[in-house]
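Dear colleague,

Please find the structure below, for your records and further work. A summary of the findings follows it.

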Amino acid sequence: MSNATYNRYWAEANQVLYGQLEYESPADQSLQPKDREFAFQHLALLYIRYIQIYRKLEDAYDQMLHPQKRRLLKEVVVAVMGRLLEIKHYMVDLECSDFHNFNDILLDLKLTPDHLRLPIPRFYVEERQTEIQSRKELLDKLSAKEFGFGDIVSAFPEMTVAEAVRIIQTNERGRQGKLRAKYMRDIKLQAQREKDMIGNDDEKEVNEAAVKIQRIYRGYKARSKVKKMLLDELTFLGMATPHREPKTDPSTKAAINRNRRKILQQQYEEDYLQALVNTKEKILKVEGPDMKEAIQDDFRQWYMEYKRVNGKFPDFPEETVWQRAGFKFTLYQPNQTDPNGDGDKSKEDEKPSTAASGKDAKKKGGDKKDAKKDAKKDGKKGAKDEPEEDNEEDKFKYDQSEYLKQIGSEQGEYAGKWRCKDESDNFAQKHDQEIIKADKRREVEAEIKKDVFEVLQDELKNLKLAVEREKNAKGKKGKGKGKKGGGKKGKKGGKGKKEKGKKGKKEKDLTANRTMESLVEELIQTGLLQKHSSISINQYAGDFNLMGVSATKDIVITPSMAELQRVLTEYCVIPMSLPIVTVTYPKVSSILLFGPHGSGKSMLVRAIASEIGAQIFNLSPRNTASQYSGKANVTKMVHMVFKVAKAQGPSIIFIDNVEMVFAKKVPKDDTSDPKRIKKDLLKNIKSIKEASERVILIGTSSKPWDADVKSMLPLFDKILLCPKPDYSSRMLIWKQFIGERVGDGQKPINFSLLTRMSDGFSAGSIRLVCDRVLTDRRVKMLRVKPLANNEFVEQILNMPPENKEEDKLYSDFFEKSPLLKKRSALLVVPEEEASEPAKKPAKKK
């Protein structure tokens, strides 16, 4: 797409943002949500709209070439991302659930569930590409251990020697039988040919051969035509994907165009940075001396004029006032008062009461005291009622956000600089030199002001001292008293410092005498810091639940795979991409992913690490077994992991089978002592809860009910269920797994049949079926023997049956999470409270 397209994306997103800001803070207070249900509908609408804005802005930023526009656009993208996460946390607090259904709202907005997919902010990894590459090279150099996928399941089940011999015998007998049948068929065909050759004319034989060839060709042509018509119809209905040539495929062209624009972005960025340096040097050299001289002349003229009018020298302006853009010396500065009593206009604006006389001020002071007394009297009567009313009014107000102010200021900057700017002569979208000059002039002026500030301040101070020496010839008084008073104060201050020192206790650093490089090397050699291959979170194939409604009263909202993917993007990926200073919402520092085997828990961890360029520290009991034996060494190990993770963020601390760390009873055959890191883990997790730390702890479990729930759940901020795929998700998974090995050019497979037969299967089970069917030998034979549905059906029938009792255990454990307990208390209304509204009107009558 062209530059104009991405400029249009930005303009459209800004227009929608303008309406969004008006909707968030309506002028009419009656439009503010008053109850929980209305508040959730309000937030859900904002949430969906912000996702659409974010998608458009992220695409525009990723492809825009203009370096100055990219800087402003990035600030807008970051502000929208932050506001999106704020609204998400508001909805979670309101509904007490991490997962929500928006199908009825999407229907009203004429959107599809795919519009809810959150794109990954690509700029975060691209800006850190050099750092990520150097870390990968270090891991490869030190032969780091590969991050695995939990328990490795063999593609084929184990068998005994007798079963293997029986299979070999069966196949050998079949092979021999096929050869004998082929031999007998060849004999019969040869005999038939000899019989036909006897007593037949050549002319008759040729005619029969021609008719036979025509019949076969016509049948082939008719079948090809019908097949093409069927494929066109299925493609038109969206039930089949059209086969595209790589050269003409739009996605391939888009990828090539994106790579080309990325190269141009880098070139334009280098040109822009060089222009900044050159322009600043030129302005400093050409206009700098004139600026300095003009400031000094204005300063001297100012204090001489002030001295002439007021008979004394003025006070030097404060540094904050001095450094303001566009500051000029005037007769009365904002921090000075007019000796004639007129006062400063700015002060009148800030404090209207300064214009009042002393009597009025006293009256106002008296009124304030009387008001305080009345407030105390009234407070004794209704102190309990007033706060509740205020809380009810402010309970559902969500427009007090720093991100909204940031979006509003950036919209003003966009309107002032870019909305109406004529760029017809900047087709290549390079930097704007005039804007650079204006910015650098302000920057040079600020630097000159900073350099001249002390000089001018000393000059004015010396003038004042000279005048004072002339007026006062007497010595200074009260020096001794001042010193004594200062000494006493200093002693008191010293005591205060000691008291503060006693309160602030820092944790002891167990590895204070070691460098960060040595700690990293040790963690790699012991297998705690592992390398991982890149994978996109979009490869976690899944679709949305199309049957849910937003106003549900169910305690447990079972998520779909696409919803889980979106929630993990909101809790793990996007927060890591935001600047630390802008975080104004609760940080999610630890997550528990639980679900059946093969539900994609380890894959999601690897995908999150790939999307944010994070390192993975594996503290799983199986990985730490037989290492760092002894209590002191275990404490040192956990301390090292958290220290390096915080120093080299973003980082993921991963614990597989986390239920073993908090197990009620460790099996006798388990020699890994999984509970040994429990105490140190609970102690160190507090250090990563600060907003400045880019570290997240992710634990996975297939049997969370085996743990001591009371001690395990407080460790995690979020507890998320990894579900089994529903019908639409299984359809996507079958297409993805078979398409990875086979491609699009094979005979169509009945995916609907496979999806129905695999009901209750996890994604890992479907992968296992595909691996058993699509072996390397079978893939090589595809040209000769196309795939058939029966091959998959046979392997599906050989899979172990679904354990429905396990699904009930997962649901019961999910209900024990703190968030769902709040939701249960929120939705279940006691009978006494339900009957109260009916009684109250009777009393009034």
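**Salt bridges and nonpolar cores**

In this predicted model, Lys56 and Glu12 form a salt bridge through their side chains (3.1 Å, N to O); the term denotes a side-chain nitrogen of Lys or Arg within 4 Å of a carboxyl oxygen of Asp or Glu. Since Lys56 belongs to helix α2 and Glu12 to helix α1 (residues 3–24), the pair ties together parts that are 44 residues apart in sequence. Helices here are DSSP runs (H or I, at least four residues), numbered from the N terminus. Lys56 is partly exposed, at 30% relative accessibility, and Glu12 is likewise partly exposed, with a relative accessible area of 29%. Buried stands for under 20% relative accessible area, exposed for over 50%, and partly exposed for what lies in between (1.4 Å probe, protein chains only).

As to the conventions, residues are numbered from 1 along each chain as its sequence is written. Local features need pLDDT of at least 70 and side-chain atom pairs count only at pLDDT 80 or more, while totals for chains, interfaces and linings use all residues; side-chain values use heavy atoms, with hydrogens and water left out.

The search of the whole structure finds 47 salt bridges. Another of these joins the side chains of Asp62 and Lys262 (3.0 Å, N to O). Asp62 lies in helix α2 and Lys262 in helix α9 (residues 250–286), so this pair ties together parts that are 200 residues apart in sequence. Asp62 and Lys262 are both buried. They also belong to a network of salt bridges that links Glu58, Asp59, Asp62, Arg122, Glu126, Arg258 and Lys262.

A further salt bridge is found between the side chains of Glu423 and Lys69 (2.6 Å, N to O). Glu423 sits in the loop between α15 (402–417) and α16 (433–471), and Lys69 in helix α3 (residues 67–95), 354 residues apart. Glu423 and Lys69 are both buried.

Turning to the nonpolar cores, each is a set of buried Ala, Val, Leu, Ile, Met, Phe, Trp, Tyr and Cys residues joined through side-chain atoms within 4.5 Å. The largest has 155 residues, of which Tyr50, Leu57, Phe102, Trp734 and Phe792 touch the most other members. Helix α2 (residues 36–63) gives the most to this core, with 15 residues. Leaving aside residues up to four places away in sequence, Leu57 touches Trp10, Ala13, Leu17, Leu73, Val76, Val77 and Val80, where contact means heavy atoms within 4.5 Å. A second, separate core of 18 residues includes Tyr303, Phe316, Val321 and Phe453.

With kind regards

Key. Helix = DSSP H or I, 4+ residues; strand = E, 2+ residues; numbered from the N terminus.
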